Amino acid sequence: MRAEALRRRRGAPDVGAALAANVIASGLVAAGQAVGGFWPLPGEIDLVPLLHALHAAGHAVLLPETPPRGHPLQFRRWSPGAAMVPERFGTQRPDGPLAVPDALLVPLLAFDARCNRLGYGGGFYDRTIASLPGILTIGCAFALQQVDEVPVLPHDVALDAVVTEQGVVRRRV
């Protein structure tokens, strides 16, 4: 399923601005919340316009530092123009101070209508979400990444919402 998800998003258009507009318009992120984001990998939806929009709206924007396997992510404060440090797996992070997010933007390979998420398989986001009880979780993806059903394991937790360039899918509880 991961290989198919990677294939499906190859060559997807640059729709980062539409994603940013949909997240901001959704009202999911409350005023003043610190938002944990991610620096996009090649092929992922471009989160940079959203990071800029959140910063401009007065949110503290945090990006992850990848720890050794088996540990949750740590987050460092980011602002536009911040010097970025190369990270494991080809991503980047700022060298700002450590902080804890109130809301978390989550990368994914596939998602379904119940906001179940297929990740990359390292478990970093699963551990991070488990370590931050009650955190708002928002998947960020291309609409074409939606599938009929994502396989769910006992430790998997559905996201609160998934935002794409086409709109918002909210978890039904």
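The tour starts with the whole chain, then moves across the sheet and ends at a lone loop residue.

**Before you click**

This is a predicted model, where local features need pLDDT of at least 70 and side-chain atom pairs count only at pLDDT 80 or more, while totals for chains, interfaces and linings use all residues. Residues are numbered from 1 along each chain as its sequence is written, and side-chain values use heavy atoms, with hydrogens and water left out.

**Stop 1: the whole chain**

Show the protein chain as a cartoon and look for four helices and 12 strands. Helices here are DSSP runs of H or I with at least four residues, strands are runs of E with at least two, and both are numbered from the N terminus. The radius of gyration is 15 Å, close to the 16 Å that the globule rule gives for 173 residues, so the chain is as compact as a globular protein of that length. (That radius is taken over C-alpha atoms, and the rule is 2.2 Å times the number of residues to the power 0.38.) Along the principal axes, the C-alpha atoms fill a box of roughly 40 × 35 × 35 Å.

Of the 173 residues, 49% count as buried, meaning under 20% relative accessible area, with exposed being over 50% and partly exposed in between (1.4 Å probe, protein chains only).

How far apart in sequence are the residues that touch? Among contacts with a separation of 6 or more, 67% are between residues 24 or more positions apart. A contact means heavy atoms within 4.5 Å.

**Stop 2: the sheet**

Next, pick out the open sheet of eight strands, which runs β6-β3-β2-β1-β7-β10-β11-β12 with mixed pairing. Its edge strands are β6 (98-99) and β12 (167-170), each pairing on one side only. Two strands count as paired if DSSP finds at least two bridges between them.

Begin at the β6 end. β6 and β3 are antiparallel, joined over two bridges; select F75 and you'll find its bridge partner in β6 is A99. β3 (residues 74-78) is also antiparallel to β2, this time through five bridges.

**Stop 3: β2 and E65**

Stay with β2: five of its five residues are buried, so the strand is largely enclosed by the rest of the structure. Select E65, which lies in this strand (residues 61-65). Is E65 buried or exposed? At 18% relative accessibility, it counts as buried. Its bridge partner in β3 is Q74. Leaving aside neighbours within four places in sequence, E65 is in contact with L73, Q74, R76, E87, R93 and L98. For a sense of scale, draw a C-alpha to C-alpha line from E65 to H52: they are 13 residues apart in sequence and 19 Å apart in space.

**Stop 4**

Move to Q33, in the loop between α2 (16-26) and β1 (35-36). Q33 is buried too, at 19% relative accessibility. Not counting residues up to four places away in sequence, Q33 touches L28, H59, A60, D102, A103 and L136.

**Stop 5: the β12 end**

Now cross to β10 (residues 136-140) and β11 (residues 161-164), which run parallel and share three bridges. Highlight two of the pairs: G139 with V162, and C140 with V163. Both faces of β11 are covered, with A161 and V163 buried on one side and V162 and T164 buried on the other. β11 also pairs with β12 in the antiparallel sense, over four bridges, and V163 has V168 as its partner there. Which turn-like arrangement do β11 and β12 form? It's a hairpin, with two residues between the strands.

**Last stop: C115**

Finish at C115, in the loop between β8 (110-111) and β9 (117-118). Most residues other than glycine have a negative phi. C115 isn't a glycine, yet its phi is positive, about 65°. Its relative accessible area is 0%, which puts C115 among the buried residues.
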